[in-house]
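Please look over this model with the notes below in hand. They are meant for someone who has not seen it before.

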Number of protein chains: 2
Amino acid sequence: MPEVPLGAASLLSAAPVAGLGEDALTALIALVGDDMTACNRVIIARMDSPVALIPQLAAHIVAAGGKRLRPVLTLASARLCGYAGGERHVQLAACVEFIHTATLLHDDVVDDSKLRRGLASANAVFGNKASVLVGDFLFARAFQLMVDDGSLAVLRILSAAAATIAEGEVLQLVTQNDLSTPEDRYLDVVRGKTAALFAAACEVGAVVAGRPEAEAAALRDFGMNLGIAFQLVDDALDYAANQAVLGKTVGDDFREGKITLPVLIAYAAGDAGQRAFWQRTIEASEQTDADLDQALALMAQCDAIAATLARASGFASLAKRALASFADGPIRRALLAVADYTISRAR
Amino acid sequence: MPEVPLGAASLLSAAPVAGLGEDALTALIALVGDDMTACNRVIIARMDSPVALIPQLAAHIVAAGGKRLRPVLTLASARLCGYAGGERHVQLAACVEFIHTATLLHDDVVDDSKLRRGLASANAVFGNKASVLVGDFLFARAFQLMVDDGSLAVLRILSAAAATIAEGEVLQLVTQNDLSTPEDRYLDVVRGKTAALFAAACEVGAVVAGRPEAEAAALRDFGMNLGIAFQLVDDALDYAANQAVLGKTVGDDFREGKITLPVLIAYAAGDAGQRAFWQRTIEASEQTDADLDQALALMAQCDAIAATLARASGFASLAKRALASFADGPIRRALLAVADYTISRAR
């Protein structure tokens, strides 16, 4: 895995170069702009229900925005594969976003999160009960959309992804108080909870375009590695983000006692006293106000953030390599740039 | 709707005639016994996962038993329709049970239930987080099983049922503190949260047997009306069950402040003082130990339990009528007897 020389100090102190990385994602979104507009219309139309609380709650989380990265990947993958057969990719991109939204709703309940993308989370506003049930509704609705589309191949990919996501989330729950979790096992969590849906989102694009299995597999690889890179950078940003620029709060994962790669690296590198610190703050969730600064200092000491980003960079490289067999063109270039952006947003 | 003359007093005091009603369900299960054994094997095999907590938690709720009424309905419906093409009905019966189990897991979280069928509920043992996520897993796994089966018609029926269940549960949440909920609206809750899956379970049996839409519709009607009857009797039993015989605790719904048909009937029949009682105990969830006896007395006064069972009996009659077009035979007779049993278990 290629290592990228990065100093944790620069991450913690340097202001992100505004606009640099975002341009890559903006460029990709611009390339599938009409499709994305259509996809947003499908999302709004199909989250409706005679039970008014369902569209109200769904609108709260859907309107909160986010980057719509997963449906954009479906749309872009379909176009990369030359899909020009109609609106199927738009419908299926909406499915992908519904599955993602359902998992976010359940995640926030499971994590007892009060904020999502800087706004009050759906469970904070509407309660855990409604969030669980509306998540179930959106999940079921995603399958109804897939049935309308009629492709068993797509249904197979996304039902498997949904099962894998749940497995990843349960695995995360099981490992959440275990600082001795090996990195490989943590990567299994990441593959499940995050990367499986990236992979499926991309693979569906090839399937809808009727492309051969090798192309579908290449896009699946692209999505899987991109998803892992994305999550590892998220892990790093939680200990390094410039809150004002990225709309994130440093230390959310820490306060929730989450096992993430920077923590595992710092724990593995720590002496007995340092390990006791991590055991108290993460495993036992006993924290004081000064503990986050101490955590950041310990991470700086062993370059845990830089090491995490180096791992992420390795997966981003694998993602880019997976697109090698596709012909050059604006969509491919934009996807490669998004893989770079995944890493550059942390710098 | 036919009304059955029933005295609430006899319901509250008379010991159930042991074995009378149970025989009907036992007879049906015996008719599909080999299929049910095969279905149980599929359930055990397909709830497996490399993440050990998933089969552990799933086994807790699956092993708790229950009547497996829904998969039995799928198996019996398929046989009623002359299905003899293999094991598809067994796989799909397992799907139905997985969807049911997933909704139970989420229900217990939403209701904060500590008991399920007299045993500690999965959320009480494993926590709410694991219950939410394993529910998601079982739901996804159900769709994987359907994809393996390969019928888009079945996928359409069960994905629509899953969406309707979630809608019914959300509607229940919205109406849960509203004693002025009209009976029709409450029946919409019942159709969603309970009857939709009964209907789908039966309809799938006709589809797997390749029978025409009229037969599928008849079985859907049978299941829908049976499911409504089943839920209304459950509502009544919560205020009338002989705990020792039925393994139920009188007053669970009351203590949870649940709006059910007996409560709506008693509230509608009540004077100002009685309405204040229901508003305090159900809408405001302010209860003392003596309140359950008072609730039972108010229900007895207006025959609310008898009226609830009369409604249930009407739906059971509609269920039986839906089977009119099927030829006489042991399965049809057993299904008719189960509709009768649904009512007789409350006497």
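1. The two copies meet through the same surface, because 100% of the interface residues of chain B are also interface residues in chain A. The contact takes 35 residues from chain B and 35 residues from chain A. Two residues count as in contact if their C-beta atoms, placed from the backbone, lie within 7 Å. On the side of chain B that touches chain A, the elements giving two or more residues are helices H4 (53–63), H6 (88–111), H8 (128–149) and H9 (152–175) of chain B. H9(B) gives the most, with 14 residues. By class, that side of chain B has 24 nonpolar, 5 polar and 6 charged residues. Here Ala, Val, Leu, Ile, Met, Phe, Trp, Tyr, Cys and Pro are nonpolar, Asp, Glu, Lys and Arg are charged, and the others, Gly among them, are polar.

2. Keep in mind that this is a predicted model: local features need pLDDT of at least 70, side-chain atom pairs count only at pLDDT 80 or more, and totals for chains, interfaces and linings use all residues. Residues are numbered from 1 along each chain as its sequence is written, while chains are lettered from A and ligands numbered from 1 in the order in which they are written.

3. How are the copies related? A rotation of 180 degrees with 0.0 Å of shift along its axis superposes chain B on chain A, with an RMSD of 0.0 Å. That is the relation of a two-fold axis. The superposition is by least squares on the C-alpha atoms of residues with pLDDT of at least 70 in both copies.

4. Confidence next. pLDDT is the predictor's confidence in each residue, from 0 to 100. Chain A averages 88, and 89% of its residues score at least 70. Over residues 1–21 of chain A, pLDDT stays under 50. Where pLDDT is low, the predicted coordinates should not be read in detail. For the complex, the predictor gives an ipTM of 0.89 and a pTM of 0.90.

5. Chain A has 18 helices and 2 strands. These are DSSP runs, numbered from the N terminus: helices are H or I, at least four residues, and strands are E, at least two. Buried residues make up 56% of the 347 residues in chain A. A residue is buried if 20 or more other C-beta atoms lie within 10 Å of its own, exposed if 12 or fewer, and partly exposed in between, with C-beta atoms placed from the backbone. Of the contacts in chain A with a separation of 6 or more, 77% join residues 24 or more positions apart.

6. Two residues of chain A are worth a look. Ala122(A) is in helix H7 (residues 122–126) of chain A. It counts as buried, with 28 C-beta neighbours inside 10 Å. Beyond four places in sequence, Ala122(A) touches Leu57(A), His60(A), Ile61(A), Leu105(A), Asp108(A) and Ser131(A). Leu292(A) is found in helix H16 (residues 291–301) of chain A. Leu292(A) counts as partly exposed, with 16 C-beta neighbours inside 10 Å. Leaving aside neighbours within four places in sequence, Leu292(A) is in contact with Gly251(A) and Phe254(A).

7. Which face of helix H15 (residues 272–283) of chain B is buried? Trp278(B), Thr281(B) and Ile282(B) are buried. Seen down the axis of H15(B), the buried residues fall within an arc of 85 degrees, so they line one face of the helix. The arc is that of the directions from the helix axis to the C-beta atoms. Ala272(B), Gly273(B) and Ala276(B), on the other side, are exposed. The buried residues of H15(B) pack against helix H14 (261–269) and helix H16 (291–301) of chain B.

8. Check Ser285(B), in the loop between H15 and H16 of chain B. Its phi is near 55 degrees, a positive value in a residue other than glycine. Most residues other than glycine have a negative phi. Ser285(B) counts as exposed, with 12 C-beta neighbours inside 10 Å.
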